[in-house]
Amino acid sequence: AGEEVWKIAIGNGVELYASPAVTADKVYVGGRDKLMRCLDRMSGKEIWQFATRRAVDSSPVVCESAVYVGGMDGRLYAVDPESGEELWSYEIGAKLSASPAISNGTLVIGGEDGVLYAFKEEG
């Protein structure tokens, strides 16, 4: 119907450059305050926060086992979608403002160094 369901102020004037990733019950969004947040999709209530070392301008992508997001700290993060715990991270060394994409089990992300990086799950 185009009616507002909820709105939430993120931090104290935190800028959001990233688009959120949305699942059936959660919303994941990164902010310039070095945090990626998980919100309840129905209420907007914060479920967890995941801290990085610098701003998160990259939009996250979600699959069954992880939420992937790039950081301006040069790291690609894999975060547990339920708990917000870090599963792993990879030091690329270049800022990651681009958003990752996943297809056929391969995750791809572009770095500000002009390189495209691809990751494939083992097994």
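**Salt bridges, a buried aspartate and positive phi angles**

Lys-26 is buried, with a relative accessible area of 7% (buried denotes under 20% relative accessible area, exposed over 50% and partly exposed the range in between, with a 1.4 Å probe and protein chains only). The structure is a predicted model, in which local features require pLDDT of at least 70 and side-chain atom pairs pLDDT 80 or more, while totals for chains, interfaces and linings use all residues. Residues are numbered from 1 along each chain as its sequence is written, and side-chain values use heavy atoms, with hydrogens and water left out.

A search of the whole structure returns six salt bridges, each defined as a side-chain nitrogen of Lys or Arg within 4 Å of a carboxyl oxygen of Asp or Glu. One of them joins the side chains of Lys-26 and Glu-82, with an N to O distance of 3.2 Å. Distant parts of the chain are linked by this pair: Lys-26 belongs to strand β2 (residues 26–30), whereas Glu-82 sits in the loop between β7 (75–79) and β8 (86–91), 56 residues apart. Strands (E, at least two residues) and helices (H or I, at least four) are DSSP runs numbered from the N terminus. In contrast to the buried Lys-26, Glu-82 is exposed, with a relative accessible area of 55%.

A salt bridge is also formed between the side chains of Arg-32 and Asp-57, at 2.9 Å from N to O. Arg-32 is placed in the loop between β2 and β3 (35–40) and Asp-57 in the loop between β4 (46–51) and β5 (61–62), so this pair ties together parts that are 25 residues apart in sequence. Arg-32 counts as partly exposed at 34% relative accessibility, whereas Asp-57, at 12%, counts as buried.

Strands β7 and β8 contribute another pair. The closest N and O atoms of the salt bridge between Glu-91 and Arg-75 are 2.7 Å apart. Glu-91 lies in strand β8 and Arg-75 in strand β7, so parts that are 16 residues apart in sequence are tied together. Glu-91 counts as partly exposed at 39% relative accessibility; Arg-75 is buried, with a relative accessible area of 14%. Through salt bridges that share partners, Asp-25, Lys-26 and Glu-82 are joined into one network.

Asp-73 is located in the loop between β6 (67–70) and β7. Although buried, Asp-73 has no salt bridge, and the nearest side chain of opposite charge, that of Arg-53, is 4.8 Å away; here Lys and Arg count as positive and Asp and Glu as negative, while His and the chain ends are not counted. With residues up to four places away in sequence not counted, Asp-73 touches Thr-52, Arg-53, Arg-54 and Glu-91 (contact means heavy atoms within 4.5 Å). Among these residues, Glu-91 also takes part in the salt bridge with Arg-75.

Backbone geometry was examined as well. Most residues other than glycine have a negative phi. Lys-34 is placed in the loop between β2 and β3 and, at 41% relative accessibility, counts as partly exposed. A positive value is likewise found for Asn-104, whose phi is near 50 degrees. This residue, Asn-104, occupies the loop between β9 (101–103) and β10 (106–110). At 74% relative accessibility, Asn-104 counts as exposed.
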